[in-house]
Amino acid sequence: MSPRTEESNERIREEQKERILEAAMTVFAHNGYSETKMSDIAAAAQVSYGLAYHYFANKEAIFSALIQKALKGALDLMQYAHVQPGTPWDRLRWLTSEMLRGAQDEPEYEMVVLLALTSSAVPEETRRMVFQESQLVHEALKALIVEGQAAGEVVAGDSDLLTTAFEWCIQGMVFGMSYQGDEPARLPDVEIVLRLLKA
C-alpha cells in the first residue's frame, strides 16, 4: 500500500473539520451557546474529543468559524442576486426563493447567526463581527430594493426600513420553524413574501 500524499491528507483534514462544523451548527442551534460543550460537538460529529480539539482550540473557535461561514454564504447570495438576469423584481424573486429554500433546508445557519446577536454569552468580538457583516448583507439587499424602486417595481418608501422588514420577515420564519417540532414546516411561497415589497 502506498503512503498517502500530502494532498490526500489535506483533503481528509478538511473533511474532518467540515464534519465537526456541520455537527456543531446543529448542536449550537438547538442547545444554545452556553449549553453547548466540546464533548457535545465531538459526539454529534462522531469524532473523539481529542480530535475535535486538534482542529479547534475551543467551542468559541468553532462558533466563530460557523459564523464566518454563514455570513460568507449570505454575502455570496447577495452578490449572485445582483448579477441574475432580468429586472430588479426578477432578481428579488430569485433571491427570495433562495432565502426561503435555505430557511427550509438549513435553518440552523440563520439560527446560529441570530444566536450570536442575541446571546450575551457569545464573545463580544464575535458579536461585533456578526453585526458588521450583517450590515454588509443589509446594504447589498437595500441596493437591490432601491434599484427596484427606481424601476417602479418596489413600493415607495424608506428603503432602509423596507430592507429591515424583509430581513426580519425571513428571520422570523426561520425562528418560527424551530418551534415546529416533528411537524413538517410550511413556509409561505415567494409571492406571499414579496407582497411586502410589491409596488
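1. Tyr55 is buried, with a relative accessible area of 18%. Buried here means under 20% relative accessible area, exposed over 50%, and partly exposed in between, using a 1.4 Å probe and protein chains only. The residue sits in helix α3, residues 49–55. Leaving out residues up to four places away in sequence, Tyr55 touches Arg13, Gln16, Lys17 and Ile20. Contact means heavy atoms within 4.5 Å. From Tyr55 to Ala116 the separation is 61 residues in sequence and 22 Å in space, C-alpha to C-alpha.

2. A word on the basis. This is a predicted model, in which local features need pLDDT of at least 70 and side-chain atom pairs count only at pLDDT 80 or more, while totals for chains, interfaces and linings use all residues. Residues are numbered from 1 along each chain as its sequence is written, and side-chain values use heavy atoms, with hydrogens and water left out.

3. The fold is built from nine helices and zero strands. Read from the N terminus, the order is α-α-α-α-α-α-α-α-α. Helices (H or I, at least four residues) and strands (E, at least two) are DSSP runs, numbered from the N terminus. The C-alpha trace spans about 65 × 40 × 35 Å along its principal axes.

4. Now the chain totals. Of its 199 residues, 41% count as buried. Among contacts with a separation of 6 or more, 68% come from residues 24 or more positions apart. The accessible surface is about 11200 Å², and carbon and sulfur atoms hold 54% of that. Areas come from the Shrake-Rupley method with a 1.4 Å probe; for residues, only the protein chains shown count as cover.

5. On charge, the chain carries 18 positive and 30 negative side chains. The centres of the two sets lie 2 Å apart. Lys and Arg count as positive, Asp and Glu as negative; His and the chain ends are not counted. Each charge is placed at NZ of Lys, CZ of Arg, CG of Asp or CD of Glu.

6. How do α1 and α4 pack? Helix α1 (residues 6–31) meets helix α4 (residues 59–82) at an angle of about 90°, with axes 10 Å apart. That makes α1 roughly perpendicular to α4. On the α1 side the contact includes Ile20, Leu21, Met25 and Phe28. Ile62, Phe63, Leu66 and Lys69 are among the α4 residues involved. Axes are lines fitted to C-alpha atoms, for helices over the stretch in contact, and angles run from 0 to 180 degrees between N-to-C directions. Angles under 35 degrees count as roughly parallel, over 145 as roughly antiparallel, 65 to 115 as roughly perpendicular and the rest as oblique.

7. α6 and helix α8 (residues 159–177) pack at about 105°, their axes 9 Å apart. So α6 is roughly perpendicular to α8. Pro107, Glu110, Met111 and Leu114 of α6 meet Gln171, Val174 and Met177 of α8.

8. Two serines deserve a look. Ser64 is found in helix α4 and, at 18% relative accessibility, is buried. Residues up to four places away aside, Ser64 touches Thr126 and Met129. Ser119 lies in the loop between α6 (107–118) and α7 (124–150). With a relative accessible area of 14%, Ser119 is buried. Beyond its neighbours within four places in sequence, Ser119 is in contact with Tyr33 and Arg127.

9. Last, check Gln46. This residue has a positive phi of about 60° although it is not a glycine. Gln46 lies in the loop between α2 (38–45) and α3. At 65% relative accessibility, Gln46 counts as exposed.
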